[in-house]
Amino acid sequence: MLTDDEELDRDEKILMHVESEEHLDEIEIKRDLYYAEENVEAYSKKPHVAELRWRYTETRAQQLVDYITDHLKTTDEVEIWKVWVDEQTEPSVRSITLDELTIDELRFLGDVGFERPECLHVVKS
């Protein structure tokens, strides 16, 4: 199913129309996590956690850059993680300033496969 709508009758035939496949998997940022929050606590001690659901494209990556830029107007830092919640291994953590944040810095989120947890730590300055 392409939707999380629990009231949807999953036995009913449903037609979903989009202009192109590109329009599927738009950015969703949810505080309602798909997995247990304890899985996140193994990596980050941040008090606020949200889950990013999307399919990487350069357009969406730019939207995420804009979102992070806006978010950093009210806080000093943000962490962007790529994890596989069942494997808690030593993460790769990179730190950059907001001025260095580009869509290329977020490309790791769209990489196929998983080697180990990765974090991009972005600070205001």
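Visitor: Which residue in E5 does Ile80 stand opposite?

Guide: Ile80 faces Leu120 of E5. The model is predicted, so local features need pLDDT of at least 70 and side-chain atom pairs pLDDT 80 or more, whereas totals for chains, interfaces and linings use all residues. Residues are numbered from 1 along each chain as its sequence is written, and side-chain values use heavy atoms, without hydrogens and water.

Visitor: What makes E3 and E5 a pair?

Guide: Pairing requires at least two bridges found by DSSP. E3 and E5 have six, in the antiparallel sense, and therefore meet that definition. Strand E4 (residues 92-97) is also joined to E5 by six bridges, running parallel; there Arg94 stands opposite Leu120.

Visitor: What makes the approach of Lys82 to Gly113 a polar contact?

Guide: The term covers N or O atoms within 3.5 Å, one able to donate a hydrogen and the other to accept it. A polar side-chain atom of Lys82 lies 3.3 Å from the backbone oxygen of Gly113, so the distance falls inside the limit.

Key:
Helices (H or I, at least four residues) and strands (E, at least two) are DSSP runs, numbered from the N terminus.
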